[in-house]
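Subject: Structure handover

Hello,

Here is the structure I said I would pass on.

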Amino acid sequence: MSKETIRVKGMSCAACSARIEKVVGRMDGVSTVNVNFATGKASVVFDPLKVALPDIMAKIEKAGFQPQPKPDAGDLITDALEESSSLRVRLIVAVAFCLPLLYISMGTMLIPGLPVPPFADPVKNPLGFAITQLALCLPIIAAGSRFYTKGFKAIIRRSPTMDSLVAMGTSAAVLQSMYAMIQTALGDAHAVHGLYFESAGVIITLILLGKTLESFARNKTSEAIRLLTNLAPKTARVVRDGVAADLPIEQVRAGDVIIVRPGERVPVDGVVTDGQSSVDESMLTGESMPVGKRAGDPVYAATINGTGSITFSATKVGGETVLAQIIKLVEDAQSSKAPIARLADTVAGFFVPAVFGIALVAALAWAVAGKTALFCITIFISVLVVACPCALGLATPTAIMVATGRAARFGILIKGGQALEAAHLIDTMVFDKTGTITEGLPVVTDIELLESSSSVVSVNYHDDLLRLIASAESASEHALALAITRHARALGIESGQPSEFEAMPGEGVRAAVSGHTVLIGNQKLMSRFDIPTYAADEALARFSSAGKTPVLAAVDGRCAAVVAIADTVKPTSAAALKRIQDAGIHTVMLTGDNRATAESIAREVGISEVLADVLPHEKSAAIKRLMDSGRNVAMVGDGINDAPALTQAHIGIAIGTGTDVAIEAADIVLMQGDLNGAYSAIALSRATIRNIRQNLFWAFFYNIAGIPIAAGLLYVFGGPLLSPMLAAAAMSLSSVSVLTNALRLKRFKP
């Protein structure tokens with residue numbers, strides 16, 4: 001199966017997107033089609049052996065829309081800005097003619113004695129009054145010509161849209177006015193009271209105003225992608241054949257040597273080969289503190305170099321960079337639909353035809369009741385104009401667009417609307433231990449000196465002993481050995497090289513350092529060389545019960561110290577887990593480590609349920625058991641060895657990586673490597689679903705309340721009749737209010 005994204009121009013409401021989904025979904029070979037009205041994109045999964053992409057695009061074009069293949073973020077942004085500019089010009093023209101039209105048509109009615117030009121006086125010159133209104137109305141109709149061209153075509157194709165409602169309603173008003181004008185010209189002065197030119201003009205102007213505001217608001221919802229796209233530098237300083245030159249970013253290749261000067265943005269992903277600096281990676285991780293970089297450290301496109309100059313080798317360019325992956329991920333998320341959107345889509349599919357039916361039935365009913373043709377036309381126009389499926393179509397996708405874009409700004413990447421919606425239901429969160437709750441890097445936590453050996457080396461016993469141990473371990477690549485050498489360097493103790501070295505797998509090492517014989521390892525190693533360890537028994541038991549790994553060190557045949565090594569808890573883990581628990585979510589630790597170590601870490605961070613000694617391939621089964629017990633489960637892991645469990649859970653959250661594996665395996669990726677991001681993702685999901693429900697309520701409320709009122713329900717009980725102009729204002733207000741509510745999510749802070 002192939003998956004393609006198509007840019008679709010010409011959609012005016014949710015009924016348009018429903019129409020495209022219907023016609024494309026019927027094609028042989030098309031598996032799924034997802035059309036997002038808010039972003040103007042269609043995502044199609046199809047079998048290329050049965051149907052080709054040009055065939056799908058031809059089908060969309062036949063349905064009355066303009067498809068464009070494989071749009072990138074820049075194209076979409078440009079199209080959106082052009083659309084906003086066009087709408088703004090049309091609105092200015094409409095307002096310029098609508099204001100004098102209202103003055104001429106209704107000025108004297110609202111304010112008796114208001115001066116009007118003699119040629120447009122309704123009493124002295126009724127025909128001139130009608131002709132003036134027509135002359136002012138025609139430019140407004142021209143400004144709203146898109147409603148007629150698209151609306152009537154949709155009716156001919158038997159798939160009416162919101163444009164069809166506007167076109168039919170205003171056309172009815174204009175035709176009635178033309179008839180009244182002809183009657184006036186034939187001498188019937190009273191016919192001038194049947195003019196509806198101002199209603200048609202005001203309706204078009206108000207709807208253009210709503211569309212313009214809607215366009216600006218939709219552009220704001222896409223602000224995250226625009227900001228991310230603008231972050232990427234346009235050039236890079238590349239060294240080729242010993243010469244440095246600024247090249248367009250498109251010409252940079254993997255393996256190129258690139259120089260980044262202080263204050264510049266890193267152009268592509270790579271690995272530092274020379275120089276030292278600190279780099280602001282907040283656009284990737286949301287973490288404001290700069291990250292130190294030296295030879296061997298990775299750097300990422302669009303991050304900002306600090307005060308030092310660095311040289312690096314390019315490893316990923318173009319669409320392979322982490323920034324490009326993030327942009328694509330956010331685009332995909334904003335194009336996707338949440339399950340909650342299905343209700344709105346279902347309603348939108350039959351909404352417009354139903355409105356036509358209601359308008360016609362209401363008008364005929366009032367005609368049967370003996371009302372005048374003008375009254376029935378007013379009812380017909382009001383019902384057509386007040387019904388707005390736009391709000392229904394915007395309710396869900398705009399909230400998802402704002403939420404996913406906002407999350408990306410803080411290093412939380414959400415793969416789609418389905419993940420965003422499902423996250424709010426989570427009641428159980430399962431955490432891997434190593435690299436998720438803990439740092440994932442063993443460090444020396446304690447060095448306990450044994451008094452019986454204090455005469456082995458010089459007076460500065462601790463430092464000299466650590467120097468001997470670190471020197472012995474410097475020839476080893478074992479994780480515990482690296483922890484000891486890092487600890488020594490952190491204390492400013494320089495280790496030397498052993499003159500002799502022997503590694504004993506499963507036991508430890510033996511080395512000769514500065515004339516001393518040094519043994520570092522477990523009790524089995526000490527037994528091999530007949531070194532008594534009774535002085536260390538208490539320390540061994542204490543460290544083991546605390547979940548630490550104790551390592552014995554002997555110098556010249558005597559046990560000198562016990563070194564405790566552990567994978568320490570991240571500074572933010574305990575507080576983050578407390579927030580998650582306070583949000584009503586049960587927490588579980590799932591780890592392959594031994595139970596003693598796991599329970600020690602769990603106690604430290606406040607987790608009560610521990611599943612220990614679980615092999616990697618057994619983790620997904622453990623998740624499934626929790627799910628089968630009726631829990632909604634999120635799995636939080638490092639995204640690589642936890643991939644099966646991440647996939648098995650209702651929601652997979654990969655933490656601490658931005659790699660392809662993490663992005664593929666998980667539904668949510670936390671770039672910052674901090675469990676606070678897991679809490680923020682859940683909190684954002686809950687806020688978004690709350691926002692979507694509010695949007696859907698208002699979208700349905702406007703239509704459920706507006707249509708009966710427009711049909712004359714209040715008038716039956718002695719109340720007012722809804723004028724077409726107020727109907728148009730209500731229709732525009734519904735879309736703008738939904739968009740404005742969705743934009744409140746931009747204030748969400750993790």
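Which residues form a nonpolar patch on the surface, and about how much accessible area do they have together? The patch consists of V89, V93 and F97, with about 210 Å² of accessible area together. V89 is found in helix α3, which covers residues 73–110. Please keep in mind that this is a predicted model.

Some overall values come next. The chain has 750 residues, and 53% of them count as buried. Its secondary structure comprises 27 helices and 26 strands. Taking the contacts in the chain between residues at least 6 apart in sequence, 68% join residues at least 24 apart.

Now the interior. In soluble globular proteins, nonpolar side chains tend to be buried together. Here, the largest nonpolar core holds 142 residues. The members that touch the most others in this core are I6, V24, I56, M429, F431, I437 and I653. Helix α25 (residues 676–710) provides the largest share of this core, twelve residues. A separate core of 28 residues lies apart from it, and its members include A301, L590, A622 and A645.

Setting aside neighbours within four places in sequence, I437 is in contact with F431, V569, M589, I601, V605, I607 and L675, among others. The contacts of I437 also include D432, K570 and S573.

Regards

Technical notes. Residues numbered from 1 in each chain as written. Predicted model: local features only at pLDDT ≥ 70, side-chain atom pairs only at ≥ 80, totals over all residues. Heavy atoms only, no water. Patch = residues over 30% accessible without salt bridge, like charges linked within 9 Å, V, L, I, M, F, W, Y side chains within 5 Å. Areas by Shrake-Rupley, 256 points an atom, 1.4 Å probe, with all protein chains shown as cover. Salt bridge = Lys/Arg side-chain N within 4 Å of Asp/Glu carboxyl O. Helix = DSSP H or I, 4+ residues; strand = E, 2+ residues; numbered from the N terminus. Core = buried A, V, L, I, M, F, W, Y, C linked by side-chain atoms within 4.5 Å. Buried < 20%, exposed > 50% of the residue type's maximum accessible area, 1.4 Å probe, protein only. Contact = heavy atoms within 4.5 Å.
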